[in-house]
Structures are given as C-alpha cells and as structure tokens.
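Visitor: I have a model open and would like a quick tour. Could you take my questions one at a time?

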Amino acid sequence: MATKPKKSSAGGSLLELVLIVVVALGLALGIQAFLVKPYRIPSESMVPTLEIGDRVLVNRLSHRWSDPERGEIIVFADEAGAQRNAANPIAGGLRSLAAGLGLAPPSEEDFIKRVIGLPGETIEVRDGVVYIDGEEIPEAATTEGGYLSVRDESFFPPTEIGEDEYFVMGDNRPRSSDSRSLLGTIDREQIIGRAFVLVWPLGRVSVLSAPSYQNATGDE
C-alpha cells in the first residue's frame, strides 16, 4: 500500500516534466516565429563583420511597419525556402531554431547580406565602387576604418531595382554570392528580418549597426 502513492507521484512528475518541455518548446517556436530568430553564420560572405559559426539574433518585427534601410544586415530566404516555410511554418520553425542554436547545420535556403540598393534605384558597380543613381556611396574597407573586407575590382552594369525589391551584397565582396550573381535582387516577402546583435562568441558580442550613408543619394 505504501508504494502506490510513490508510483502516482512519479507518474505525475513525469507528466509535469513533459508539459514543461512542451510549453517551453512552444514558447521558443512562438518567439522565433514572430519576434526574434537565432541564426548561425554558415559562410565567409560577411567577413570581417561576421565570421563562420557566429550567432546573431534577427528581429522579425523590424520590417513589419518600416522599410528596410541601406546598410542593414538582413536574413532572407530564397523563393523556394520562403514558400516551404509558409506552407509548413512549424517544421520551418523547428529547423531554423535548431540551426540557430547550433544543433543542426544552417539552412541552405537562408542567407545573410547587407542591404545596398533600394526599390526604384539604379545601381552600378565599377572597379568595386558602388554607385546609386550615378552617385558613389561612401563605403570603406577595414584598412580605412570601414566594414568591407577589401575593395575588389568587380563590375556590375547599371540596373534598375524593381518595386519592393532590394539589392544585397556581402561585406566580403570577393567571396560573396549575392545580388551581383546568382541571387539577383530579392523581394521584400523573402526577408525574414534584420540581424541586430551578435551574441556568440561571447568575446565579440556587439550591436550590428548600419554604416553611415550620410550625403549619399539623399540618405541621412
């Protein structure tokens, strides 16, 4: 007779533990689906700003009421990935949560780049220098106190950016596959959110702020 309460108590504790895990997982999925998403850097395209294996947090509400701005670092999905996540948000949330925490490889459908060109603008790259509507924008390499890895010698012909489209580039210009090549311009609906803080490794924790583009194409 004395052992029955113990069995009941053990069963209750197990059920309580399961409920706690389920609730915690639900909260984590809800937070990353609607508020903040963790993201693990999978490549060297954003060096020196972000290294392979760095973890950042992405604000999913950042563009709900405002447009992406030049200089912001954003995470976005390719068109196929965006469609799959929309069709099955729970599965997509689980994959992205596991990848962001480093428990699974980063998704090949998600990318992280910096916004350079905005809707309606004409962008051109000559000798690695970016021109917006014919005006050079003030970017600087790390040797000049900036954020670009180096100033390469790439070219990109004058191209008008479509409505609700954005031209993105990596900070590691020679080693970044971005809007200059396979990715092309990205639609606003592909944007997951703005990366706003580097949280790992601890020695490099920092706020990810956009570089200044004052006096360039009307930006302030």
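The questions and answers below go from the whole chain to single residues.

Guide: This is a predicted model: local features need pLDDT of at least 70, side-chain atom pairs count only at pLDDT 80 or more, and totals for chains, interfaces and linings use all residues. Residues are numbered from 1 along each chain as its sequence is written, and side-chain values use heavy atoms, with hydrogens and water left out.

Visitor: How many helices and strands does the protein chain have?
Guide: Helices (H or I, at least four residues) and strands (E, at least two) are DSSP runs, numbered from the N terminus. On that basis the protein chain has three helices and twelve strands.

Visitor: What is the strand order in the open sheet of four strands?
Guide: Two strands pair if DSSP finds at least two bridges between them. Pairing in this open sheet is antiparallel, and the order is β7-β6-β5-β8. The edge strands, each pairing on one side only, are β7 (135–136) and β8 (156–160).

Visitor: Over how many bridges do β5 and β6 pair?
Guide: Strand β6 covers residues 129–132. Val125 stands opposite Val130 in β6. β5 and β6 pair in the antiparallel sense, over four bridges.

Visitor: Is Glu124 buried or exposed?
Guide: Glu124 is found in strand β5 (residues 122–126). Buried means under 20% relative accessible area, exposed over 50%, partly exposed in between (1.4 Å probe, protein chains only). Glu124 has 18% relative accessibility, so Glu124 is buried.

Visitor: With which side chain does the side chain of Glu124 make a polar contact?
Guide: A polar contact is a pair of N or O atoms within 3.5 Å; within protein, one must be able to donate a hydrogen and the other to accept it, and residues adjacent in sequence count only if both atoms are side-chain atoms. At 3.1 Å, the partner of the Glu124 side chain is the side chain of Arg126.

Visitor: Which residues is Glu69 in contact with, leaving aside neighbours within four places in sequence?
Guide: Glu69 is found in the loop between β2 (55–59) and β3 (73–77). Its C-alpha atom is separated by 7.6 Å from that of Leu118, 49 residues apart along the chain. Contact means heavy atoms within 4.5 Å. Beyond those sequence neighbours, Glu69 is in contact with Val115 and Leu118.

Visitor: Why does Leu202 count as exposed?
Guide: Leu202 is found in the loop between β11 (191–200) and β12 (206–207). Leu202 is exposed because of its relative accessible area, which is 63%.
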